[in-house]
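Subject: Structure handover

Hello,

Here is the structure for your records. My notes follow below it.

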Amino acid sequence: GPQSPTSNAEGDLLFLLDSSASVSPYEFSKVKEFMWDLLQPFSFGPRDVQASLMHISTVPITEFPFGRHASAAALRGAIGATRQRMGDTNTGRALAHAKEQLFGDQAGARPGVPKVLVWVTDGFSSDDISQPMRLLKDLGVTVFIVSTGRRNFLQLSAAASQPPEQHLHFVDVDDLHIITSELREAILDAIRANRLHATDVTSSSARLAWPRLLEQDSGFYSLEYGPRAGQGTRRTQLVPGGDTSLVLSGLAPETTYEVTLIPESNLHYVPPQSTTVTTLP
């Protein structure tokens, strides 16, 4: 059924889709449905989630890069229009292309934003995936694998991010809906773990959490927040460098706040992080 948009998530999400002749047209159509169901609650845009889709075939083919579709309607139309490319299952070649092209600035990927790869496969690859997958992980990409086949368990376990029980799923193509909610939450966790985000939102308060960017003796944070579009005065709070959370109180109900966390380090530059929080009625 309809779900409310998922906010406080800013990340670049790449779908690597097996489009080769080893996948039947029926399986391909079911995977497309699964992709859209997985994405449906996200908010899309330059400060939210950006999605990209690439085909595994004889040569890698980019269906659309990051940033091309900034709304749910546009993204759903693009996924629906995706056609199977057939050819060989050269997954290693596609992974290398993803590292060199799609996760670079020229394809719309954003620097400093968490990167997630969701590889949907039937468990077979015509070429080696170990080295290009390692290079992607070295970039900080979190790798989830969904296999609709039952082969190559050891290879896929090594390819997925650790631990594999959280990042690798074996499921029949007709049962993909069973893992949709679990996988979506895992993707959100991977994105939010490295970003400023809000939890425990009420009509008048919200808890902010962020990764450890500073140490207690290496600086402090300047936290700035206020209603979106200048509807009220922005406030500033100073937070010790060892802290990783803070509760904002006294907020107005049904109001979207823009929040910026600025690390003030006396050792090196740490880029600021931003998010939005919408209070409840």
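Which residues does Lys30 touch, not counting residues up to four places away in sequence? They are Val173, Asp174 and Leu176, where contact means heavy atoms within 4.5 Å.

Before the rest, the conventions. This is a predicted model, in which local features need pLDDT of at least 70 and side-chain atom pairs count only at pLDDT 80 or more, while totals for chains, interfaces and linings use all residues. Residues are numbered from 1 along each chain as its sequence is written, and side-chain values use heavy atoms, with hydrogens and water left out.

Lys30 sits in helix 1 (residues 25–39); helices (H or I, at least four residues) and strands (E, at least two) are DSSP runs, numbered from the N terminus. Lys30 counts as partly exposed because its relative accessibility is 22% (buried is under 20% relative accessible area, exposed over 50%, partly exposed in between; 1.4 Å probe, protein chains only).

Lys30 also forms a salt bridge with Glu33, with the closest N and O atoms 3.6 Å apart. The term means a side-chain nitrogen of Lys or Arg within 4 Å of a carboxyl oxygen of Asp or Glu. Both residues lie in helix 1, three residues apart, about one turn of the helix. Glu33, at 45% relative accessibility, is partly exposed.

The whole structure has eight salt bridges. One of them pairs Arg85 with Glu63 at 3.0 Å between the closest N and O atoms. This pair links distant parts of the chain, 22 residues apart: Arg85 is in the loop between helix 2 (72–80) and helix 3 (91–102), and Glu63 is in strand 3 (residues 61–64). Arg85 is partly exposed at 36%, whereas Glu63 is buried at 19%.

Now the domains. The assignment, which is automatic or from a database, gives domain 1 (11–194) and domain 2 (197–278). Their centres, taken over C-alpha atoms, are 31 Å apart. Four residues from domain 1 and five residues from domain 2 take part in the contact. About 390 Å² is buried between the domains, 46% of it from carbon and sulfur atoms; buried area is the accessible area (1.4 Å probe) that two parts lose on being put together, summed over both. On the domain 1 side, Arg47, Arg192 and Asn194 lose the most area, together 87% of what that side buries.

Regards
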